[in-house]
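Visitor: Hi, could you walk me through this one? I'd like to start with the charged side chains and then look at the strands.

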Amino acid sequence: MNSTDSVEPRHLLEGKVVLVTGASSGIGREVALALSGAGARVAIGARRIDRLAALVDDAPGDVLPLQLDVTDSASVQRAVTETVAHFGRLDALVNNAGLMQSGLILGADVREWQRMIDTNLLGSMYAVHAALPHLLDTRGAVVQVSSTAARSASLGSGVYAATKFGISAFSESLRQEVTRRGVRVIVIQPGFVDTELTSHITDPTMQAAAADIAASMRTLRPEDIAEAIVYALSQPDHVSVNEILVRPTDQVQ
Ligand code: NDP
């Protein structure tokens, strides 16, 4: 028997406060809705504040929209400070904001590399750095939205995969630093999810390849990943779900 047995889904995360980065679309939006549906109070951060306003209307519970650029450490610090000022505590950070600009290494526009590293890797590190003192207070959790690209790189995904491999290294080091102090580190590795992620690819060949992959399978929906995150966050305190890999059934690699 664990403490989640016979608990209404609405109450699984009652009393918890969660900050979700990249909540304006895709996985982040559905995670915020699912957490709110499970009773958490949720701070939602992203650059497109108009999208966040729409999410506030759709969420069943108390949701705080925050304009956030994860590439700017001061903006990240502000978002954490405002979350704690508004809700009084912070129990979990869902580090989800991310960007994928696939392309070959030869002849690449290195500004795209910079953007991916700044957003996916440094941005998620800034968020952990800002949130950690509060998570230590609440014996909370960090959810890192990584990728199957953190397990094996493929042609054209070198820099994106490097950021996700980097998240794995950082997360394991973080886990060893804080787990005995009650903070749980959860790495989620989704396969192909139907979102706006591929819309930022500027290389037409890579863009077409991404469209072909999407058309070749029943992709995951953002809700599938949101459910995995609610599951991990609603385990009893002594259970640390450190890694969840979720692929579409049709995805071979
Ligand atoms: P989306 O493009 O739909 O969502 C990306 C989110 O990140 C948006 O809300 C965007 O908000 C936010 N974001 C991007 N840059 C910044 C920034 N500088 N500051 C703050 N927020 C930012 O894609 P997904 O939902 O698919 O991506 C979410 C995460 O899931 C990413 O980390 C991605 O790598 C990961 N993932 C996705 C997979 C997929 O197949 N879709 C597979 C595996 C992992 P805004 O533009 O408003 O700032």
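**Salt bridges and strands**

Guide: Happy to; the structure holds 10 salt bridges, a salt bridge being a side-chain nitrogen of Lys or Arg within 4 Å of a carboxyl oxygen of Asp or Glu. This is a predicted model, where local features need pLDDT of at least 70, side-chain atom pairs count only at pLDDT 80 or more, and totals for chains, interfaces and linings use all residues. Residues are numbered from 1 along each chain as its sequence is written, and side-chain values use heavy atoms, with hydrogens and water left out.

Visitor: Which residue forms a salt bridge with E196?

Guide: That is R48, with the closest N and O atoms 3.2 Å apart. The pair links distant parts of the chain, 148 residues apart: E196 is in the loop between β6 (184-190) and α6 (204-215), and R48 is in the loop between β2 and α2. Helices (H or I, at least four residues) and strands (E, at least two) are DSSP runs, numbered from the N terminus.

Visitor: And R184 with D237, are they buried or exposed?

Guide: R184 is buried at 10% relative accessible area, whereas D237 is exposed at 64%. Buried means under 20% relative accessible area, exposed over 50%, and partly exposed in between (1.4 Å probe, protein chains only). Their side chains meet in a salt bridge at 3.7 Å, N to O.

Visitor: OK, switching to strands. How many residues of β2 are buried?

Guide: Five of the six residues in β2 (residues 41-46) are buried. Strand β2 pairs in the parallel sense with β1 (residues 17-21) over five bridges, where pairing takes at least two DSSP bridges between two strands. V42 in β2 is the bridge partner of V18.

Visitor: What about β3?

Guide: β3 (residues 63-67) pairs with β2 in the parallel sense, over five bridges. There, L64 of β3 stands opposite A43.

Visitor: Last one: where is P60?

Guide: P60 lies in the loop between α2 and β3, and P60 is exposed, with a relative accessible area of 53%. Leaving aside neighbours within four places in sequence, P60 is in contact (heavy atoms within 4.5 Å) with L33, S36 and G37.
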